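I opened my notebook to look up a few things in this structure. Here is what I went through, entry by entry.

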Amino acid sequence: RSVKPPFPAAMPARTRDTAAIQRHTRRAHAQERAQDYVEAIADLMAEHGEARATDIARSLGVTHVTVIRTVQRLQREGLVKTLPYRSIFLTPAGRALAARAKDRHQTVVAFLELLGVPRTDAMADAEGIEHHVGPATLAAMNKFLAAERPRRRAGKQSTRPAKRSRP
């Protein structure tokens with residue numbers, strides 16, 4: 001039995017590539033909220049020992065109703081557990097997703113800071129970038145950071161190009 005290719009054979013390669021990129025971006029957008037929520041829940045649990053809907057709402061700047069609806073979806077996806085009138089807890093899958101999201105976020109922030117982006121801007125920009133960085137790009141960022149950190153500690157010249165002064 002033959003499998004139908006995802007694109008018509010007559011479609012130009014560039015169009016097929018663009019369509020694949022757009023599909024990837026839509027999938028990343030769909031996962032953004034789940035990643036932000038499990039990361040916020042993990043942070044609240046680490047800081048306060050629990051994560052309540054009102055605390056999550058405050059942390060993410062959304063309404064209590066939005067939190068309740070999103071938590072219900074996360075529960076269906078197996079990322080959180082809830083009991084009536086109790087805190088919200090991460091499942092093992094939720095904890096794993098939170099750890100990956102936090103790691104991605106920290107990598108992007110560190111990379112942007114190394115490029116000279118001020119910390120507050122790097123933190124804000126990382127909120128969007130972290131969800132769209134592919135595995136190859138993230139690995140390259142980590143490799144660059146691993147190579148650059150010891151150089152900076154030793155006071156050696158950066159591998160980055162020097163900033164040019166304006167004439």
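**Entry 1: terms.** I count a contact when heavy atoms lie within 4.5 Å. The model is predicted, so local features need pLDDT of at least 70 and side-chain atom pairs pLDDT 80 or more, while totals for chains, interfaces and linings use all residues. Residues are numbered from 1 along each chain as its sequence is written, and side-chain values use heavy atoms, leaving out hydrogens and water.

**Entry 2: Val80.** I asked which residues Val80 is in contact with, leaving aside neighbours within four places in sequence. I found Ile41, Val71, Leu74, Gln75, Ile88, Phe89, Leu90 and Thr91.

**Entry 3: Ser87.** Is Ser87 buried or exposed? Buried means under 20% relative accessible area, exposed over 50%, and partly exposed in between (1.4 Å probe, protein chains only). Ser87 has 8%, so Ser87 is buried. Not counting residues up to four places away in sequence, Ser87 touches Glu50, Ala51, Arg52, Lys81 and Thr82.

**Entry 4: a polar contact.** I noted that the side chains of Ser87 and Glu50 are joined by a polar contact of 2.8 Å. Such a contact is a pair of N or O atoms within 3.5 Å; within protein, one must be able to donate a hydrogen and the other to accept it, and residues adjacent in sequence count only if both atoms are side-chain atoms.
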